[in-house]
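Colleague: I am new to this structure and would welcome a short walk through it. Could we look at it together?

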Amino acid sequence: MGTSPPPRTAGLLAAVDMGSNSFRLEIGQIAHGRYRRIDYLKETVRLGAGLDANGLLTDAAAQRGLDCLARFASRLRGFAPSQVRAVATQTLREARNRDAFLLRAQGVLGHPIEVISGREEARLIYAGVAHVQPSEGRRLVVDIGGRSTEMIVGQGRLPLEAESFRVGSVSLSQRFFGDGRLTEAAFRAAQVAAGAELEEAMTTFARGRWSEALGSSGTVSAVSQLLVASGVTGGEITPAALRWCIARCIDAGHVDRLKLPGLRDDRRPVLAGGLSILYTLAAHFGIDALHPTKGALRQGVIVDLHERLMARQRARGGDMRDASVAQLQRRFDVDVAQAQRVRRVAMALYEGVAPDGGADSRRELGWACDLHEIGMMVSHHDHHRHSAYLLAHVDAPGFSQSQQRRIGELVLGQRGGLRKIEHAFVNDTFTWQVLCLRLAVIKCHARGEVDPHALRLARAGSRATLSFGADWAAAHPRTVFLLEEEAETWNRSGPLQLVLVS
């Protein structure tokens, strides 16, 4: 949970949204079910414009991001780790060198950064909108980012359908308006490209499935503001208003000559791509009026963080990730009784070597136990590899891609040799987690009832001592045989020495 916050930050939560066009820092507070903004910082970083043809983040774009995060870190001074959640979206989902950037970025920000999937981004966007602008009606929420567009249909606070599409204002502007020219032909081509990406969603988000359309975040906000400043609408975005905007762009002929009331200079280079997506959405999905909303990803991150903290304090349900784990167990027909046995043993062992371990490390080990056999649905042979692959790639609401990969690495290491996970042994916490998981899997290999305290694990530097009673060893010779093989594995190629004592 992290250290207790000082009085000036007590009760506050912070979200860092590392988008493809802008980075945002939101500091808020949730009390009695209501959201209150305390502070908000935004910088145009254009991280998405810094992806080169090989999918690598350029040094210049990376430095812009790091400089911004350094300023955010200054504002976050005094916040406990449990009060802050930083998420990254499409650009870092795509960047091939994202791990190197994230390592530097986390050092600058002083907090972990999670890369979230497109569907998780969509879920959090809806959570932000539903909390800031509540309604019981069925609504379509659209969020056009720099390199992706999220669409969600939901009712109340429940998202019913959520999807992310790889088309955004920055990427489309670079592709069709990269030379700065604003022509009718370029707009037509951009709309065709956007339509090709969004076409598969026409049934899922069809006009008959919602009664109100809301637009979240930068593109919608920018277009709404210029329509108000120009006296075209009261802020709502309509097909006629979009045609007016596109016509003004074509009249200007070039981005450098584009002057519209209410349009900020930093928004001009990506306006054409955003307008193309908006017009395509209006035409394809029958959106007569898209109303801007103040709710967005950053508020959704704070809402989700608040719910996680409340779930921990109550020591019961409320964390979306627990619900996702249960759903995955059902989906992949997991032997839940076996998963629970492995969890009980692994957690008892981990308590012996990491009594002061963080709540996150304990929860991730528990989730790895819950899901270590989901690969059995694919094949019994090498099921640990199938389990790891599924965990790294499946849509699991509440989890970031980063966290899913960590849990997948744990699950991959549940059996077999250690070389396949030796790169992860640089993390001391991971090493002890995977040892506890492996020992628990061995202890429970017979798939019958077990005493979770029959094995005791102690830690002294890089030496792990596993002790058990002589009577237990005599009653379980096959398990002892497997434990002896496990000790040989660690002593031969692991970062720890495992010693058995009876």
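**Helix pair and sheet**

Modeller: Helices α5 and α6 are oblique to each other. Please bear in mind that this is a predicted model.

Colleague: At what angle do the axes of α5 and α6 cross?

Modeller: They cross at roughly 135°, and the axes come within 10 Å. Helix α5 covers residues 169-176 and helix α6 covers residues 184-198.

Colleague: Is the crossing of α5 and α6 left-handed or right-handed?

Modeller: The crossing of these two helices is right-handed.

Colleague: Which residues make the contact?

Modeller: From α5 there are L172, R175 and F176, while α6 contributes A186, A189, A190, A193 and A194. By class, 7 of the contact residues are nonpolar, none is polar and 1 is charged.

Colleague: Now the sheet. In what order do the strands lie?

Modeller: The order is β11-β12-β13, an open sheet of 3 strands with mixed pairing. β11 (456-460) and β13 (497-501) are the edge strands, each pairing on one side only. From one strand to the next, the twist averages 25°.

Colleague: Which helix touches β11, β12 and β13?

Modeller: That is α16, residues 428-443, which packs on the sheet. The direction of α16 makes about 155° with that of β11. Helix α18, residues 477-493, lies across β12 and β13 and runs at about 155° to β13.

Colleague: And how many bridges join β12 and β13?

Modeller: There are 5 bridges, and β12 (residues 463-467) pairs with β13 in the parallel sense. S467 stands opposite V501 in β13.

Technical notes:
Residues numbered from 1 in each chain as written. Predicted model: local features only at pLDDT ≥ 70, side-chain atom pairs only at ≥ 80, totals over all residues. Heavy atoms only, no water. Pairing = 2+ DSSP bridges. Helix = DSSP H or I, 4+ residues; strand = E, 2+ residues; numbered from the N terminus. Axes fitted to C-alpha atoms, helices over the stretch in contact; angles between N-to-C directions. Contact = heavy atoms within 4.5 Å. Parallel < 35°, antiparallel > 145°, perpendicular 65-115°, else oblique. Left-handed = near helix turned anticlockwise from the far one by under 90°. Nonpolar A, V, L, I, M, F, W, Y, C, P; charged D, E, K, R; others polar.
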